[in-house]
Every structure is written in structure tokens, then in C-alpha cells.
Amino acid sequence: MSAPIALITGANRTDGIGYAAARQLAIQHGFTVVLGSRTLSPALDAAAKQLEKEGAKNGVHVVQIDVGSSDSVKRAAKEVSEKFGKLDVLVNNAALSLPPSRPEYTDAWPQKILEFTEHTRKDFEEVFAVNVFGVVDTINAFAPLLAKSSSPRIVNVSSSVGSLDFESALPAGHMGGSLIAYNTSKAALNMLTVMYSKDLPKLNPAFKVNSGCPGFTDTSFNKHIGSRTPDEGAAVVTWLATLPESGPTGGFYCDYPPYSEKNGEFKALKW
Ligand SMILES: NC(=O)c1ccc[n+]([C@@H]2O[C@H](COP(=O)([O-])OP(=O)(O)OC[C@H]3O[C@@H](n4cnc5c(N)ncnc54)[C@H](OP(=O)(O)O)[C@@H]3O)[C@@H](O)[C@H]2O)c1
């Protein structure tokens, strides 16, 4: 039997959650993994080879996929289709925290804050283009390939800051300076999880679509101030990507306090 195939978007950074999830899926679960990256580079090829050296026996591939571009997403789906003919797992991991056209804030975060009331429509559009519209494009482009799998899984990498329940309980001033577009994009992503989880079984009843939150993880996304390791952050992704037939769908999970008492014990967050 051939190995299951997983595509992870935004898996190019070797210190990121996407790459850690690729390592876990490849080495612990025998997947053929495809590292999605918005640019191809010798460093990306080296990152793929590194996983093979570490024990990924069923192949590590790379694909150019800029989820901010519908054309790029369609090209990537064609490439995966021609190379593998199907897909078993799609991890929507690529994301932006702040609008890239505001480098004065992205560079100086968290010291310099783009206040909520200073956000423009364009700021929201830039973040949503990747975190929400990019996921819609990617799911729609890869759904026919996933439908050919005997156990199709989609994992949307979300965040507790996208939980209305979590944010409602925070005092004013503690809602993540500069992150209003990010937080609302993750709330929208969670709604995509709910809606696709109910719709995609039309294509294949075995579909499972879930959101997972890695927790505050030490990556370049937050300038390495996170407290969890990329491996700990990726564990929920790997768990949702490898759910058995009896596993949940249409849910939102994590394995850190206050929701869960220990790593690897995955609990549902409230939306
Ligand atoms: N770190 C945390 O504390 C934390 C907490 C909760 C949720 N998350 C979520 O975890 C996921 C991974 O984040 P991370 O912490 O591992 O940070 P990361 O290493 O910076 O990963 C983000 C990835 O997204 C990619 N990306 C950005 N725009 C893209 C586009 N248009 N097309 C394709 N890829 C694009 C980046 O690529 P480039 O290298 O080209 O920029 C990067 O590889 C994100 O969804 C994030 O929201 C992280």
C-alpha cells in the first residue's frame, strides 16, 4: 500500500509549526510529505533533505504555493495531482499576524502597537487574503484530490485568540495589541472549519475538518517569545491529521492549560 500524502502550507521555516508537523507526520506516521512554501529556494530543498536524513522514508517534496494568489494555489493543486493523483491530508498552516505593508509595526511588534482604531480596510484585506481567503482557495482547489483519499483530513491551524469565548473573557487592554485583524481572521477560519466539515462529506463521507490551536509557540511568528516548542505546537496538527474514522470533525482542539492539563491530551476549546 502506498504511503498517505500530506501537504502543509507555510512549511518552509525549519523553526516553524508547519515544518515540525511535517517532521512528525513523515517520521512518526510514515507520510509522504509535501512542504508548501510561497517561494522555492535551495534552503527549502535542504529542509526537505534534512527530514529524509532524520528518517522520513516515504519522501519529502516541495511545492510552490502562495496562498495569497489563487493562480499559485491552482498551479500547486495541478502539480500535486500530476505527481500523486490524490491527497490524504491538507494542513492550512500558512498565516500572517500583521499586515505586511506596515513594516514599521511588524518590525517593531510588540513594542510598537498598531491600535485597533488605526487599522484600515487594507490592513484587514491583507491579513484576510492569506488567513481566510487563502484557506478557501486552498480547500476548494484540493478538495477533489482529498476526496480520492480513504480518510481525507483537513487541519486548519487556528488560535485561541480566534475564539469568541476566549476573547470575551479577557479584560480590555489584554486583547493582543495590533492583532485585531489576525484575531478576527482566525475566528473566520473557525467558521470555515464548521461549514466545510458539514459540506465536504458530500464529496466523500470520510472527510474530517477540524481547527487546532498550537498554543503560544516559540517561532519567528512571535519573534520567538512563545513558551511552547514547535514540536509541542505541532502535536495537535498531527493528531487531527491522523484521526481515525471514529475521531471528531467540525471541532476546535488544543492540549495546553487551561483547556488541557498535559501535552498530548487534546481537549475541545469553545468557539
Ligand atoms: N506561534 C504561535 O504562538 C502560534 C499560536 C497560535 C497559532 N499559530 C498559527 O500557527 C501557524 C504557523 O505559525 P508559526 O508560528 O509556525 O509561524 P511561521 O513559522 O512564521 O509560519 C507561518 C508561515 O506562513 C507562511 N506564509 C505567510 N504568508 C504566506 C502566503 N501568502 N503563502 C504561503 N505561505 C505564507 C510563512 O512563509 P514565509 O517564510 O515566506 O514568510 C511561514 O512559513 C499559523 O497559522 C499561526 O497563526 C501560531
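Helix 9 covers residues 230–241, and its 12 residues reach 16 Å from the first C-alpha to the last, close to the 16 Å expected at 1.5 Å a residue (the expected span is 1.5 Å times one less than the number of residues). This is a predicted model: local features need pLDDT of at least 70, side-chain atom pairs count only at pLDDT 80 or more, and totals for chains, interfaces and linings use all residues. Residues are numbered from 1 along each chain as its sequence is written. Helices (H or I, at least four residues) and strands (E, at least two) are DSSP runs numbered from the N terminus.

Helix 9 is largely enclosed by the rest of the structure, because 10 of its 12 residues are buried. Buried means 20 or more other C-beta atoms within 10 Å of a residue's own, with C-beta atoms placed from the backbone. The buried residues of helix 9 include Pro230, Glu232 and Val237. The table shows some of what covers them.

| Element | Residues |
|---|---|
| strand 1 | 5–8 |
| helix 1 | 17–29 |
| strand 4 | 89–92 |
| strand 5 | 153–157 |
| strand 6 | 208–212 |
| strand 7 | 252–254 |

Now to another helix. Threonine 193 lies in helix 8 (residues 180–199) and is buried, with 25 other C-beta atoms within 10 Å. Not counting residues up to four places away in sequence, threonine 193 touches Asn156, Val209, Asn210, Ser211, Gly250 and Phe252; contact means C-beta atoms, placed from the backbone, within 7 Å. Threonine 193 and isoleucine 154 are 39 residues apart in sequence and 8.7 Å apart in space, C-alpha to C-alpha.

Finally, leaving aside neighbours within four places in sequence, alanine 22 is in contact with Ile8, Ala11, Val33, Leu35 and Leu51.

Note on methods. Contact = placed C-beta atoms within 7 Å.
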